[in-house]
Amino acid sequence: MSQEAGPSREPSGEAAPHDGEMASLVRRHLAYHSAPERLVDHFYRLAEQERRENRWQARRFWQAGFAGALAASLTLAVGFFGIDRLLDSKDPYDLVAQEAKTTSRQADTFPVAVQDRIEAKHKARLDKLFTTFNKDFRYRQKVPLSGGQSEFVLEGATLREVDGKKIAHLIYRLGETRLHLNVIPAEDNTEWPGFLRHDGWVTMNEDSPRTFVWRKGAFIYAMVGDLPLERFREFSAAIAQR
Amino acid sequence: MNREAFLRALLPHLHSLYSFARWLTRDGDEAEDIVHDALSRVLLNGNCNLAGGEIRTYLFTIIRRTYINRLRRGRYEATSADYPEDDSSLAAPSELGGFSDLPPELLRRDLNEALASLHEDSRSVVLLADVEGFSVEEIAQVMGIPAGTVKSKLWRAHQGLRKKLRVYQESKPR
């Protein structure tokens, strides 16, 4: 019901028709519902996650600037120390692993968005994405596993840019298990090739979420998901071969 | 305002947004769902470019919009009209007298029942004005209606509450 026209006793003009007593009663006696803890926690976690990601990107920006400004010094220093040792963190693949973990957390936070991405209208975008990378990340990925063939279903994919570099984020599902694959082109990257210039496995984090990072050809791969270690390696190896 | 600033700015309003949604839906799970859904969509769509002062109005706007969208899809049963178009039965505040002589627990119960039975528009206006302290202009923005309409709705909603409280007073054993 809509009451557009005010009643005859309603005050006219600019003064608000304020029933002070009733407003006061409402203010003092109306039940106020506090938000559930999980809802509050959820958004606090998101804020903290965003803060970490921004700090990480700022650090990368600073590192890139630092590397440019001190290029001459680095050239001299390479002979003595090697560029890796100057730019490296404790784990040289930490940045890529962190990127993969961040995107996987975001995808898990917004499952609706993942659902949206698998609608038919998004298929063209996925195809374009795969063409961009000249890589066959199939919609349905059958992988020969030790216990027989299993099928990983591609749930969705997004393409975003960090520091002007495209990063593909693909989400696969095996039964109830979700697996996140980040694919990052290594070439023309001012920072990552220094860290990731050799093919092969580099990081295999056993803690949850398990994170694998490696380089194969022109791409750096990072996988996040809670799978048994053996199955994880089989799937990631199959992906890398394509 | 970037995503991080937006997230930090919305945190202090979470309880108010939930309470507002809960009063609209009258269901805790639905209220949680609405707040989660509305805020997540804003974050996903990147609509975070707001000036600091605008955020509170904006947050209540999207919460109410999400509720209305669900209401239109038939997710909830709309509350019936809270008072007749013909307002001849509504008495002016001074004619009804105060309620301050009622025991607080009874007043609280009756007031909550009365507000829950109001039409969604009236509930929103009362909550936004009396509980959240929004100005008429801000309420107009949240509800997408002219300021003059907000004034009339608020006045009529208060009178509707008065009438319902009077009915409770007369009909319920104390």
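Modeller: Let's take chain B. From the N terminus on, its elements run α-α-α-α-α-α-α-α-α. Keep in mind that this is a predicted model.

Biologist: How many helices and strands does chain B have, then?

Modeller: Nine helices and zero strands.

Biologist: What share of chain B is buried?

Modeller: Buried residues are 42% of its 174 residues.

Biologist: And what about contacts in chain B between residues 24 or more positions apart?

Modeller: Take the contacts in chain B with a separation of 6 or more. Residues 24 or more positions apart account for 72% of them.

Biologist: Let's zoom in on helix 2 of chain B. How many of its residues are buried?

Modeller: 11 of its 12 residues, so that helix is mostly covered. Among the buried ones are B:Tyr18, B:Arg22 and B:Trp23.

Biologist: What follows helix 2 of chain B?

Modeller: B:Arg26, with a positive phi, near 60 degrees.

Biologist: Which residues touch the most other members of the largest nonpolar core?

Modeller: B:Leu17, B:Ala21, B:Val35, B:Ile63 and B:Ile139, out of 49 residues in that core. Helix 2 of chain B gives the most to this core, seven residues.

Biologist: What does B:Leu17 touch?

Modeller: Leaving out residues up to four places away in sequence, B:Leu17 touches B:Val35, B:Leu59, B:Phe60 and B:Ile63.

Biologist: And the second core, which residues does that include?

Modeller: That one is separate and has 25 residues, including A:Ala100, A:Leu181, A:Trp214 and A:Phe232.

Biologist: Over to chain A, then. Is strand 4 of chain A enclosed or open?

Modeller: Largely enclosed by the rest of the structure, because seven of its nine residues, 177–185, are buried.

Biologist: What is strand 4 of chain A joined to, and which way do the two run?

Modeller: Six bridges join strand 4 to strand 7 of chain A, residues 219–224, and the two run antiparallel. One pairing to look at: A:Pro185 has A:Phe219 in strand 7 as its bridge partner.

Biologist: Back to chain B for a lysine. Is B:Lys153 buried or exposed?

Modeller: Buried, because B:Lys153 has 26 C-beta neighbours inside 10 Å, and the cut-off is 20 or more. B:Lys153 lies in helix 9 of chain B, residues 147–171.

Biologist: How far apart are B:Lys153 and B:Ser122?

Modeller: 31 residues in sequence, and 6.3 Å in space, C-alpha to C-alpha.

Conventions:
Residues are numbered from 1 along each chain as its sequence is written. Chains are lettered from A and ligands numbered from 1 in the order in which they are written. This is a predicted model: local features need pLDDT of at least 70, side-chain atom pairs count only at pLDDT 80 or more; totals for chains, interfaces and linings use all residues. Helices (H or I, at least four residues) and strands (E, at least two) are DSSP runs, numbered from the N terminus. Two strands pair if DSSP finds at least two bridges between them. Two residues are in contact if their C-beta atoms, placed from the backbone, lie within 7 Å. A nonpolar core is a set of buried Ala, Val, Leu, Ile, Met, Phe, Trp, Tyr and Cys residues joined through C-beta atoms within 7 Å.
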